[in-house]
Amino acid sequence: MNGIHDALAPAGPQALALFHLWNAMLVVCTVVFALTMAALAIALWRAPRATERASADLDAQPRKEAALRRSVVWGIAGSSVLLLVLLFASFYADRALSALPLADAVHIDLVGHRFWWEAHYEPHDPEQTFATANELHVPVGRPVLIRLRADDVIHSFWVPSLSGKKDLIPGRESTIAVRADRVGTYRGQCAEFCGYQHAQMALVVVAETPERYERWRSLQREPAHAPSDAQQARGRELVEQTSCAMCHAIVGTRAGGRRAPDLTHVAGRGWLGAGAVANTPKLRAEWIANAQKFKPGVDMPPIDVAADDLAAISAYLGSLE
Amino acid sequence: MESVGALPSRPRPRKRARTRSAAAAHRPMVRDGDGPGSRAAEELERTWQEKPGLVGWLSINNHKTLGLRFVVTAFFFAGLAGVMGGLMRHQLATANSHLLGPDFYNQLFSMHGTTMMFLFAVPVMQGFALYIVPLMIGTRNTAFPRMSACAYWLYLFGGLLLFGAFATNTGPDAGWFEYVPLAGPQYGIGKRADFWNMLVTYSEAMGLMVAVDITTTILKLRAPGMSLRQMPLFVWASLVTSVMIIFAMPLVMLGANLVQFDRMLGTHFFNPAEGGDALLWQHLFWFFGHPEVYFIFIPALGFVSAIIPTFARRPMFGHDAIVLSLVTTGFLSFGLWVHHMFATNLPELGKSFFTAMSFMIAIPTALQIFCWIATIAGGRLVMRTPFLFVLGFFFVLMIGGLTGIMLGSVPLDLQVHDTYFVVAHLHYVLIGGAVFPLFAALYYWFPKVTGKQLGETLGKWHFWLFFIGVNLTFFPLHILGLEGMPRRIYTYGAETGWEPLSMVSAVGQVINDVSTLIFAINLIRTVFFKKERASADPWGAGTLEWSVASPPPRCNFFALPVVSSREPLWAPPAEVTHVQGLSAQIREGLTTTVIDALPDTRYAYPEPEIWPFVAALSVTIWLVWSVWSVPGFVWGLIPPALAFLLWYWPNKKEAKEELRWEREP
């Protein structure tokens, strides 16, 4: 559930191209560093020692100076050639990033909020669209075209195992295309400082087989499950009647707020509060009672409900697979 | 010894020759040219004395005092910012740490960056230039010392203002880059961003004023014979930096003011909902912000180029190549700013140009590194603490420079941008490229400034601990960045796996603290307890600052030197050694031509005055007032207007005296 969060563990073609570029850069730079340090070490080792009182050598020995000049010229020529090689490697990787075929892409609208991610799948098709938050599911092997928008300040989308960053800038729209080639859970985190809780704005991408993805997708498009026992029914009633519904939406109920993550299928997500707490029954109840304890500054206020009501809300939300 | 005779007084309007000492006006004229102990030297000492009392102390405009004030104040602020850095590493040493809350942490890193960039790095380099450049080029003061004095007070008040704001929980909290809209009217709460905008306006005004002073000093007040080709490399570095500052600083002043207008007056420069653009700020900021790195780095290259020849006992290999590299670096540094914005949706082809530029700027730096290594290879080495710090500079800077090439590549930058990889890179560049040379420079010029040499043993301990500490603190951050750790997060969960390396980094920070403590002990021991006095030229160096006593007399030179080589002390001029015949009773000097440094006109340095202090104070009142009230932005302009009017008010008596000195050469 933790997810892989590592630029050196690529799971898609773009991250792989970047990984190759990184390796090339690392090798070339290490060699350059080692050669330069070796030259310095040899110079230090071979040069004679003197004291402050020694008179300075003003008359250069022509042969020695010529040898030094040759070394410097070769050094600069070598560095320039290596830089040129790296430059072309960089351009090549850049092309690889934008060469992802986009046929049959999954379309997602991703909106950055302080401090969570709002996602709308297939936004152009009213038959297919549904909303979720902080956790994306994508089919392995199919490109995903994500349209990025920011609701308030600048955020940055970054899932290192899939691809590099793209900023979400207010007033501007950008897109990023990614593809996961391996099944797995990949973690990402907002990478542009966005204020108070920038530290807790994680995004999880679950890459799964096309069959599992289709199952997940058809489940997401359904309205929320009906309560299956009295406690859950009580929980649903409370959600609809108390402050929960002011901000959160649960499709199929009267809760229709749009200021906060959609909870229609919240039980299927691994984390709450954009990576703030794991979605376990105990932590979920604590989160609902006082989210500020885990994520100070989050918009969700502490709510004042009796213990059994809290248990009912938590049980109901826990049933929303 | 021969000397240039009394210079023909050219019938040219002289600058303000201010002398309020009526006695000087009626005594028979004494001309300079004789060495220490002579009548002329005594008279010069008297002429360059500071006025007594607090007013005198506030009025001082001698470049040495100003330079020292800049350096000491900058180190004071750096100490505070260093403590903030230590707190942050302590907070991040463990996962889910609750030592500091998000609000305080955000203020901490914003203050750390702002202080280190605006209140430490730029002023400390300018302070060194103010102190060393006039001595190195053989003049008695800078060209516009009152402007630099005003700049110092602006800087001090600006810094105190910022720390005062921080102490009252109003410190900036949107980073040292203050991206809008986070710092804009809608999301930047309270007065925090306002104080940042004010501080930036301050420090940029300071930087500009000092840069203008240094540029003019270098171009017009060099010793006769010090043509541009004979000019020491440190002076070249200062010149390049100052010209860059003049071009880059106005951009960020403009930007900060536009943000302030958005916040204060409700303009919409950066508000996309009203037709503004959030990305515009990034262009304005980084067009200044990238050259800013080079304002810090290029003077440091100058330090290295000043120190290596002394400790290799030979002139610099490839002097001309180094000069060209400095100038090229200065130009290229203006073409890199977009590499801070690769993750935005700018056109991809355009970004590739910036990749090419970012790679290209590595070439002049590589050339300098090779020339330095060649100098070392062709010299005889004196292993002293300043030289050790230069060697440390090679190691640390090389790592920072190579990761810089990685960051310059668009695709790779997309992975590591805004992660701890960048934190590692920038600390390697700034500590390796600036702090190591800065310590080298401190150890090197300390005897010149104080007359006492810092302890060698403690100096070596300081170096080795600092070297180990810096690498231990910052190397692991590269790996953390690749493992996905973003910058500017106040905490992280244990599931991320970032804890062990963060702990290593925190341990490195403790080693840095110990090394800084050793440095402080060395300073205190040397300044307060050491009896042994340093000679005029304790390192056997070749440039002009070492020709005068340590510490130098207030007027620097009893006779202005004449120069005919790059290292005048190693190869003294054969014929003419110094200028003779300037007045010893007013603060008189000599201007020379820009390129060849041929004697041009006599020049009277400004006398010390209280007005620079008053002007800086009145500007402070204006800026603080304008933070709290919009009308204050208008009415607050009255005090500075008055102060500057009075400062420049013509004085008939002085004008008459000027005329007298003009007619009577």
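What share of the contacts in chain A with a separation of 6 or more comes from residues 24 or more positions apart? In this predicted model, such residues account for 65% of those contacts in chain A. In chain B, residues 24 or more positions apart account for 81% of the contacts with a separation of 6 or more. These two values make a handy starting point for a tour of the two chains.

Chain A is built from 7 helices and 12 strands. Its radius of gyration is 28 Å, well over the 20 Å that the globule rule gives for 321 residues, so chain A is more spread out than a compact globule. The C-alpha trace of chain A spans about 95 × 50 × 35 Å along its principal axes. As for burial, 42% of the 321 residues of chain A count as buried.

Chain B can be described in the same terms. Its secondary structure consists of 21 helices and 4 strands. A compact globule of 665 residues would have a radius of gyration near 26 Å, and the 25 Å found for chain B agrees with this. Along its principal axes, the C-alpha trace of chain B spans about 80 × 65 × 50 Å. Of the 665 residues in chain B, 62% count as buried.

The two chains also touch each other. To this contact, chain A contributes 74 residues and chain B contributes 76 residues. On the chain A side, α1 (13-46), α2 (62-98) and β7 (166-168) each supply at least two residues. The largest share of that side comes from α2(A), with 18 residues. Sorted by class, the residues of chain A that touch chain B divide into 40 nonpolar, 19 polar and 15 charged.

Within chain A, the domain assignment gives domain 1, made of residues 1-37 and 77-221, and domain 2, made of residues 230-318. The C-alpha centres of these two domains of chain A lie 29 Å apart. Where they meet, the contact takes 17 residues from domain 1 of chain A and 13 residues from domain 2 of chain A. On the domain 1 side, β2, β3, β10 (202-208) and α3 (210-221) of chain A each supply at least two residues. Of the residues on this side, β3(A) gives the most, with 3. By class, the side of domain 1 that touches domain 2 in chain A has 11 nonpolar, 5 polar and 1 charged residues.

The strands β2 and β3 lead on to a sheet in chain A. Strands of a sheet pair through backbone hydrogen bonds, either parallel or antiparallel. Here, 5 strands of chain A form an open sheet in the order β3-β2-β1-β5-β8, and the pairing is mixed. At the edges are β3 and β8 (174-178) of chain A, each of which pairs on one side only. Neighbouring strands of this sheet are turned by 25° against each other on average, with direction ignored.

The sheet can be followed strand by strand. Strand β1 of chain A (residues 106-113) and strand β2 of chain A (residues 116-121) pair in the antiparallel sense over 6 bridges. Together, β1(A) and β2(A) form a hairpin, with 2 residues between them. One pair to look for is A:V111, which stands opposite A:E118 in β2(A).

Strand β4(A) runs parallel to β10(A), and 5 bridges join the two. Within this pairing, A:L136 has A:V205 as its bridge partner in β10(A).

Definitions and conventions
Residues are numbered from 1 along each chain as its sequence is written. Chains are lettered from A and ligands numbered from 1 in the order in which they are written. This is a predicted model: local features need pLDDT of at least 70, side-chain atom pairs count only at pLDDT 80 or more; totals for chains, interfaces and linings use all residues. Two strands pair if DSSP finds at least two bridges between them. Axes are lines fitted to C-alpha atoms, for helices over the stretch in contact, and angles run from 0 to 180 degrees between N-to-C directions. The radius of gyration is taken over C-alpha atoms; the globule rule is 2.2 Å times the number of residues to the power 0.38. A residue is buried if 20 or more other C-beta atoms lie within 10 Å of its own, exposed if 12 or fewer, and partly exposed in between; C-beta atoms are placed from the backbone. Two residues are in contact if their C-beta atoms, placed from the backbone, lie within 7 Å. Ala, Val, Leu, Ile, Met, Phe, Trp, Tyr, Cys and Pro count as nonpolar, Asp, Glu, Lys and Arg as charged, and the others, Gly among them, as polar. Domain bounds come from an automatic or database domain assignment.
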